[in-house]
Amino acid sequence: MSANQITLFDLPSQGRCACWSLNPWKTRMNLNFKGVDYKTEWLEYPDIKPRFEKHFQLPEGKPNYTIPTVILPDGSYLEDSLAIAHKLEELFPEPKLAGIETPAWDRLSKDLLPGIMTDLRRVYFSRLPERVLNSASYEYWQTTRAESLGLGKRPDQLTDADRDAAWADLAASGKLKQVSALLAVNADKGPLFEGKEISFVDFAWAGFLVFWKRIGEAEFEKILELAGDKERHLKFLEVLQPYIKRDAF
């Protein structure tokens, strides 16, 4: 442990406990890229608020405490992967990211990913409890996600027909193909969004892909199928692999 050690709060999983959620993946990959000394503290969903509320207050208008959250070397708490990225760039300027809030980040994080994840709620809302979440988070997940589904069902009541409809909606939207086009903008320079240089948006898209791979190989393959240009995304993940390897501890 060093004086500069950071604590990363992450969500545990079944079996071997390792990072799975796309949001903490962004911060974990960022820490791995920076080579920062950090440790992981795992929190089940119902334990997030009790753990954080005695240390910091939510900004006005923000309804829930979230992960990722970190404890910085000075003992302060900071949540939200984007805010954490800016702070890490300030505290640990080398190696430097090619950019954080780049045009590609804005397009992916504001326009594409929210729509993709909304379309696929019926898939991952139902698959996560059975394949990834521990029993301690099961009822919390069912209760909190039922309302946002807006179908009058809990996630554990969703059917194959519900999931098929979600995939059909996503296919019709063309959003995954738009991500492929965005990833190809600098293809003459390299396989990343900015070509050869790593930027924060790379962690966001890699986190999304690893999230679906953790849910299941069939779902991951479906993502690649709908995105088109499968080899481009696999090459992208291959380049990011050094920052994905450390998924725990």
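Start by selecting α4 (103-119): with six residues, α4 gives the largest share of the lining of the largest pocket. Helices here are DSSP runs of H or I with at least four residues, strands are E runs of at least two, and both are numbered from the N terminus.

Before you go on, this is a predicted model, where local features need pLDDT of at least 70, side-chain atom pairs count only at pLDDT 80 or more, and totals for chains, interfaces and linings use all residues. Residues are numbered from 1 along each chain as its sequence is written, and side-chain values use heavy atoms, leaving out hydrogens and water.

**The pocket**

Now pick Asn23, Tyr45, Thr66, Ile67 and Arg145, which lie nearest the centre of the largest pocket among its 38 lining residues. A pocket is an open set of points on a 1 Å grid over the protein atoms alone, where a 1.4 Å probe fits, with protein on both sides within 12 Å along at least five of seven lines; lining residues have an atom within 4 Å of a point. The space inside is about 1200 Å³, counted as what is filled by probe spheres set on the points, with grid points joined across faces, edges and corners. Colour the lining by type and you get 24 nonpolar, eight polar and six charged. Here Ala, Val, Leu, Ile, Met, Phe, Trp, Tyr, Cys and Pro are nonpolar, Asp, Glu, Lys and Arg charged, and the others, Gly among them, polar.

**Backbone stops**

Stay on Ile67 and step to Pro68: the peptide bond joining them is cis, with omega about 15°. Pro68 sits in the loop between α2 and β3 (69-71). Next, Glu94 and Pro95 are also joined by a cis bond, omega about -5°, and Pro95 is in the loop between α3 and α4. Then jump to Asp229, in the loop between α10 (217-227) and α11 (230-244), whose phi is positive, near 50°.

**A helix pair**

Select α5 (residues 121-131) and α9 (residues 200-215): their axes come within 10 Å and cross at roughly 55°. That makes α5 oblique to α9. On the α5 side, show Val123, Tyr124, Arg127, Leu128 and Arg131; on α9, show Phe211, Trp212 and Ile215. Contact means heavy atoms within 4.5 Å. Six of these contact residues are nonpolar, none polar and two charged.

Terms used:
Axes fitted to C-alpha atoms, helices over the stretch in contact; angles between N-to-C directions. Parallel < 35°, antiparallel > 145°, perpendicular 65-115°, else oblique.
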